[in-house]
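Could you walk me through this protein model, from its inner spaces to its central sheet and the site that its record points to? I would like an explanation I can follow with the structure open beside me.

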Amino acid sequence: MFANWSCVVLIFGVCCVMTCCGQRADVPGSPRRTPYRIDLAQYNQALLPRVRTLIEAVELAEEQYVPYFELLPEYRDRLSGNFLIDGFARARDAARCLTCMSSSYLFLSFYNETIVNGQGDTERVWTIAKRICRLLGFKHYLCEGIVNLNAEVIEYVLRNRTPFPEPEDICQIFLQEQDCVRDGRSITEAALYRSVDITPPAEVRSGMYSPPDAGGSCSARKPAPGTPLTIVHLTDVHYDPEYLVGVNADCNAEACCRTLPGLAPATNQTAAGYWGDYRDCDTPWHSVVDVMEHIRQQHPKIDAIYFTGDIVHHFTWNTSIETNEVAMRQVFDLMKHTFPGVPLYPVLGNHESHPANLYAPHNVEESYRTTYLYDFIAKQWADWLPIKDIQGTLAEGGYYTVRTPFGVRIIGLNNNPCFVHNFWLFYSLDYFMPQLQWLHDTLLQAERDNERVHILAHVPSYDDSCFIGWTREYRKIVERFAHIIAGQFNGHSHVDEFNLYYSRDDPSRAVSVAWNGGSTTTYTKLNPNYKVFQFDPVTFEPLDQETWMYNLTEANLTPDRRPAWKRLYTFKSYYQLSDLSVASLQRLVQQFAQSEQQLQRYWQAKQKYSDPLLQEGCAGTCLRNALCAIVRTEHDDERACELLYERAANTTATQSG
């Protein structure tokens, strides 16, 4: 998950995506006046000696930690209003960009003088990192945990990266969605990355896909003619073994609903609910069991389950390989017990690794690799997958392909290296490229074999939290093989959304669709859900999709009774569609652009009719962003969205005339 979860400290600069968290921002407001201009170099030079005084103190009381904003009285007026950063004209949020750049500058300055020009005292470096973290307003235990867990990786990256990183090298990745990048130096430049070698369609001898009754080769078990395949999409369980019912759920940290240092006693308003909590809380075990039991009872005929990752909780400062494995084993065992004989196709989430989000290149020193996790899942997934056949790619990077008993080919990706909070991206911007080339080659072989394909991944490639280096190449692959990709299925965002992939050369032409499973966790402000897809047994195109959920407010009123799961909607009926084809969905998003009322209904379904989010509401720019998110296939490519609104405006003008 990537939104509110992430008051995670970036140890390079010990900075946080603060505005996402809705707390601890350096900039209180933005009055309407001519914006101040901030010279970044002057600001950093003024900040460094003030921070040094606090950093180098032998010991500091908790109350002595103050935000950057309070350290520079001469900047108080400018930073409390509307300001711009000279040289960063593209930055969408100057406050977050400034904090990231300054935090990175401070840390790298202290690192250089301590390690490069000093005596190599790494302990001093990490003490400095923790104190910068505290200056940003984070709790002591969170700073201690995050720095201690990630320090070795950060040190390895700094020792081995050439050239040594600059602050903008860090912030342009970590804050990719905010375009926090110096003018003229952008991570969106294609020349920075290797490219996938794509075989043109003309070079494929067997031509395009044709269904079995037209000479295709999809054999093996198939349902009776006319009987759709039923596949359940589960994702983002986020099981918290230490969830404590009744504890204070308003903990003002990255994650809550367990015992934490200095946590105030709970009140009736702040007590964690029995079935989960709308605040920054993960899932208690009895809720994990409930969703599995409900699926088994409600859907007696299930042909397969797609599981798109994230079993482990959001307490990223307090994980270990051992505790992660215990949680994963417990959930996988529950799935095996609850759904005996049902094929399950799993992929990894960004929280499965230790530390969270870190999926290392295969060619770094052995102690830093993610081999331990790939070995673990090979054992856990052996009940579902032919491990001997996929051992090579599973050991290489946690990805695989298999042909299902009912005929469709599954490609299970590990695209977590693209997540912008993966520190290994600072070591190499394109180390994941071999997996993308493998994806292309696998699809090419599927095309030659006249197969249809479903692609499973955790992080939606179209999302701003997926690094542009992955997104751009993945988009090329999808467009090239759209005729055999019958569906894409993701998790990570926790919301009920879909995305249309548009042609790179023609933003008016959608070519493929990706579906997101939402989440069974309530993190954050969401109702639990899962999805059920009906697929054509020949083409494997989706025929319809159901979203099942329960209202958390209602469930917690009766903790002694199981939640009242209900079918929230079926996609075709809810949006009055004849089918779920790309063409139908393209017409649907055009309707969204022309009708704010219809777009509002989509937004409500996307938020799974969550009580707190419905209360907050969404209008104007918020709704426009919701629509643009559906049709934005690549970071900063707004052409499809602009075209939708342009056509909507033309239609309105024509009708008015």
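The second largest cavity in this predicted model has a lining of 13 residues, and those nearest its centre are Thr283, Ser287, Thr520, Pro528 and Tyr550. About 70 Å³ of space lies inside the second largest cavity. The structure holds eight cavities of 30 Å³ or more. Such empty space shows up when a probe the size of a water molecule is rolled over the atoms.

Let's turn next to a pocket. The second largest pocket has a volume of about 400 Å³. Its lining is made up of 21 residues, with Arg161, Asp169, Gln172, Arg185 and Leu429 lying nearest the centre. Helix 8, which covers residues 167-174, supplies the largest share of that lining, namely four residues.

Six strands come together in an open sheet with mixed pairing, and their order is 5-4-3-12-13-14. Strand 5 and strand 14 (566-570) stand at the edges with a single partner strand each, so one side of each is left without a neighbour in the sheet. On average, neighbouring strands of this sheet are turned by 25 degrees against each other, direction ignored.

One of the pairs to look for is isoleucine 231 with its bridge partner in strand 12, phenylalanine 533. With strand 4 (residues 304-307), strand 3 pairs in the parallel sense over four bridges. Here histidine 233 has tyrosine 306 of strand 4 as its bridge partner. In general, strands of a sheet pair through backbone hydrogen bonds, and this can be parallel or antiparallel.

How much of strand 3 is buried? Six of its six residues are. Side chains in a regular strand alternate between the two faces of the sheet. In strand 3, both faces are covered: Leu229, Ile231 and His233 are buried on one side, and Thr230, Val232 and Leu234 are buried on the other.

Follow the sheet to its end at strand 14 and you meet another antiparallel pair, in which four bridges join strand 14 to strand 13 (residues 542-549). Tryptophan 548 has its bridge partner in strand 14, and that partner is arginine 567.

Finally, let's visit the annotated site. An unreviewed UniProt entry places the feature "binding site" at Asp310, Asn350, His458 and His492. These residues span 183 residues in sequence, yet no two of their C-alpha atoms are more than 8.2 Å apart, so they gather at one spot.

Two of these positions can be followed in more detail. Asparagine 350 sits in the loop between strand 5 (344-346) and helix 11 (371-380). Histidine 492 belongs to the loop between strand 9 (485-490) and strand 10 (498-502). Are they buried or exposed? Asparagine 350 is buried, with a relative accessible area of 0%, and histidine 492 counts as buried at 0% relative accessibility. Their side chains make a polar contact, histidine 492 to asparagine 350, at 3.2 Å.

Terms used: Residues are numbered from 1 along each chain as its sequence is written. This is a predicted model: local features need pLDDT of at least 70, side-chain atom pairs count only at pLDDT 80 or more; totals for chains, interfaces and linings use all residues. Side-chain values use heavy atoms; hydrogens and water are left out. UniProt positions are given in the numbering used here, feature names are shortened, and annotations may be inferred rather than shown by experiment. Helices (H or I, at least four residues) and strands (E, at least two) are DSSP runs, numbered from the N terminus. Buried means under 20% relative accessible area, exposed over 50%, partly exposed in between (1.4 Å probe, protein chains only). A polar contact is a pair of N or O atoms within 3.5 Å; within protein, one must be able to donate a hydrogen and the other to accept it, and residues adjacent in sequence count only if both atoms are side-chain atoms. Two strands pair if DSSP finds at least two bridges between them. Axes are lines fitted to C-alpha atoms, for helices over the stretch in contact, and angles run from 0 to 180 degrees between N-to-C directions. On a 1 Å grid over the protein atoms alone, a cavity is a set of points where a 1.4 Å probe fits but cannot get out, and a pocket is an open set with protein on both sides within 12 Å along at least five of seven lines; lining residues have an atom within 4 Å of a point. Grid points are joined across faces, edges and corners, and a volume is the space filled by probe spheres set on the points.
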